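The notes follow the order in which I went through them.

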Amino acid sequence: MDHLHVLVTGGAGFVGSHLCEALLTTGAHVTVIDDLSTGSAANLALLADVAPSTESFRFIEADIVEGLGDLPGIDRWRFDQILHLASPASPLDYLRLPIETLRTGAEGTRHVLDVARRHGARIVIASTSEVYGDPEVHPQSEEYWGHVNPIGPRSVYDEAKRYAESLTMAYRRAHGVNTGIVRLFNTYGPRMRTDDGRAVPAFVTQALRDEPVTIAGDGGQTRSLCYVDDTAAGILAMARSDEPGPMNLGNPQEVSIRELALEIIQLCGSRSELVQVERPVDDPQLRRPDIAKAQARLGWEPAIPRIEGLRRTIDWFAATGIASASAQPESLPEALDAPHRAGDRSVTDSRLTH
Ligand SMILES: NC(=O)c1ccc[n+]([C@@H]2O[C@H](COP(=O)([O-])OP(=O)(O)OC[C@H]3O[C@@H](n4cnc5c(N)ncnc54)[C@H](O)[C@@H]3O)[C@@H](O)[C@H]2O)c1
């Protein structure tokens, strides 16, 4: 039987692991490349569990910045699709890893595009609503070019993604690679790290512990939150299409940070109170996607209402998330350990124990 072969960079991360899970459950064969810098070995263990066979999932531990051309096993399978998600993504991560973030967006993306070119694969790269910066138009459609501070602390992420988009379009024009760009807006759900600096996991953790819930400034700034299953479905729809994008993927339902915090406190049945903290530099005031293009071209729109998504997220954090709050396991679980550590860039040839 012919299987769809998909390479997912960043598959050990939050969005990437949900994508891989969706792919594996539809019978695709999945290869993950990840350096585990912000992803988790627990996510890989979960994927090994859901994979229908030992052949259908393999993990290659590698930093995409270092190059992928000579990576053992990379060309053993011919990839039909590549979903490129590898990048530090949460503000705490990219502020902690500024140079790595820029290099991952630039050199890393080039290496992944080269694999797509070699394999004749359809490649979808995960860009971000941060390319719009602190937007002057609202909601943001793909035609808006953005309002980004190129030298502020957040610029390492915003400009890395803008460069990655530009490089992707150059590969399409110069080399005829079948590329697609999705601009993901804030996504939330199970498997987020409690300590990654993003609003939903921070609020949920604080509320479940009955600790003060800390909102930046007066909390009047808005966000649009998309449940991760919806985001994953949008990325997969983009991968199946030949659309070049960029394509906004997000939930246009807007909520203020204050309202979100209060909803979470209520859903958690918590006694937490709201406390204001200083707003970060260049924190966007308004953020809402215009998703008309994705609706028209992909037939995609989010299906999970916010309250339902928050319930599922809170349930997951209550059951597991807080217990694994320190988030970054020091070592791989046994099934993934041993001969395949990053240092020698060797391959977990995916004979993962189930
Ligand atoms: N989660 C969101 O709300 C959101 C919003 C917009 C865009 N995105 C984009 O989606 C993608 C995934 O985000 P996420 O929230 O799942 O983040 P994440 O940090 O959970 O996942 C990113 C993964 O990439 C891996 N990685 C980072 N640098 C790497 C490198 N140089 N080589 C190999 N692997 C590397 C990490 O170890 C991690 O597993 C990112 O590209 C991000 O920019 C996410």
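I began just after helix 6, where aspartate 210 takes a positive phi of about 60 degrees. This is a predicted model, and I read every value below as computed from it. Aspartate 210 sits in the loop that runs between helix 6 and strand 8 (213–216). Its phi is positive although the residue is not glycine. Buried or exposed, or something in between, for aspartate 210? I found 14 C-beta neighbours inside 10 Å, so aspartate 210 counts as partly exposed.

I then stepped back into helix 6 itself, residues 199–208. How many of its 10 residues are buried? Nine are, so the helix is largely enclosed by the rest of the structure. I listed the buried ones as Ala199, Val200, Pro201, Ala202, Phe203, Val204, Thr205, Gln206 and Ala207.

**Another positive phi**

I looked up leucine 36, where phi is near 60 degrees, a positive value in a residue other than glycine. Leucine 36 lies in the loop between strand 2 (29–34) and helix 2 (41–50). I counted leucine 36 as buried, because it has 21 other C-beta atoms within 10 Å and the cut-off for buried is 20 or more.

**Cis peptide bonds**

I noted a cis peptide bond from histidine 138 to proline 139, with omega near -10 degrees. Proline 139 belongs to the loop between strand 5 and helix 5. I noted another cis bond joining glycine 245 and proline 246, where omega is about 0 degrees. Proline 246 is in the loop between helix 7 (228–240) and strand 11 (247–249).

**Ligand shell**

Which residues come closest to the ligand? I found 28 residues around the ligand, the closest being Gly10, Gly13, Thr38, Gly39 and Ala89. Helix 1 (14–25), helix 4 (98–119) and strand 5 (122–128) are the elements that give two or more residues to this shell. Helix 1 gives the most, with three residues. By class I have 12 nonpolar, 12 polar and four charged residues in the shell.

**Helix 1 against helix 2**

I next took up helix 1 for its packing. The axes of helix 1 and helix 2 come within 10 Å and cross at roughly 5 degrees. That makes helix 1 roughly parallel to helix 2, since angles under 35 degrees count as such. On the helix 1 side I wrote down Ser17, Cys20, Glu21, Leu24 and Thr25, which meet Asn43, Leu46, Leu47 and Val50 in helix 2. The residues of this contact divide into five nonpolar, three polar and one charged. For the spacing of such positions I kept in mind that an α-helix has 3.6 residues a turn, so residues three or four places apart point the same way.

**Helix 4 against helix 5**

How do helix 4 and helix 5 pack, and at what angle? I have helix 4 and helix 5 (residues 155–175) at about 20 degrees, with their axes 9 Å apart. The two helices are therefore roughly parallel to each other. Helix 4 passes helix 5 in a right-handed crossing. From helix 4 the contact takes in Pro98, Thr101, Leu102, Thr104, Gly105, Ala106, Thr109, Arg110, Leu113 and Arg117. From helix 5 it takes in Val156, Tyr157, Ala160, Lys161, Tyr163, Ala164, Leu167, Thr168, Tyr171 and His175. By class I have 11 nonpolar, six polar and three charged residues in this contact.

**Isoleucine 123**

I looked up isoleucine 123, which is found in strand 5. With 27 C-beta neighbours inside 10 Å, isoleucine 123 counts as buried. Leaving out residues up to four places away in sequence, I found that isoleucine 123 touches Ile82, His84, Leu113, Ala116, Val177, Asn178 and Thr179. I also checked isoleucine 123 against proline 244, 121 residues apart along the chain, and their C-alpha atoms are separated by 9.7 Å.

**Whole chain**

The protein chain has 10 helices and 14 strands. Of its 354 residues, 50% count as buried. Among contacts with a separation of 6 or more, 82% are between residues 24 or more positions apart.

How values were computed
Residues numbered from 1 in each chain as written. Predicted model: local features only at pLDDT ≥ 70, side-chain atom pairs only at ≥ 80, totals over all residues. Near = placed C-beta within 6 Å. Helix = DSSP H or I, 4+ residues; strand = E, 2+ residues; numbered from the N terminus. Nonpolar A, V, L, I, M, F, W, Y, C, P; charged D, E, K, R; others polar. Axes fitted to C-alpha atoms, helices over the stretch in contact; angles between N-to-C directions. Parallel < 35°, antiparallel > 145°, perpendicular 65-115°, else oblique. Left-handed = near helix turned anticlockwise from the far one by under 90°. Contact = placed C-beta atoms within 7 Å. Buried ≥ 20, exposed ≤ 12 C-beta atoms within 10 Å, placed from the backbone.
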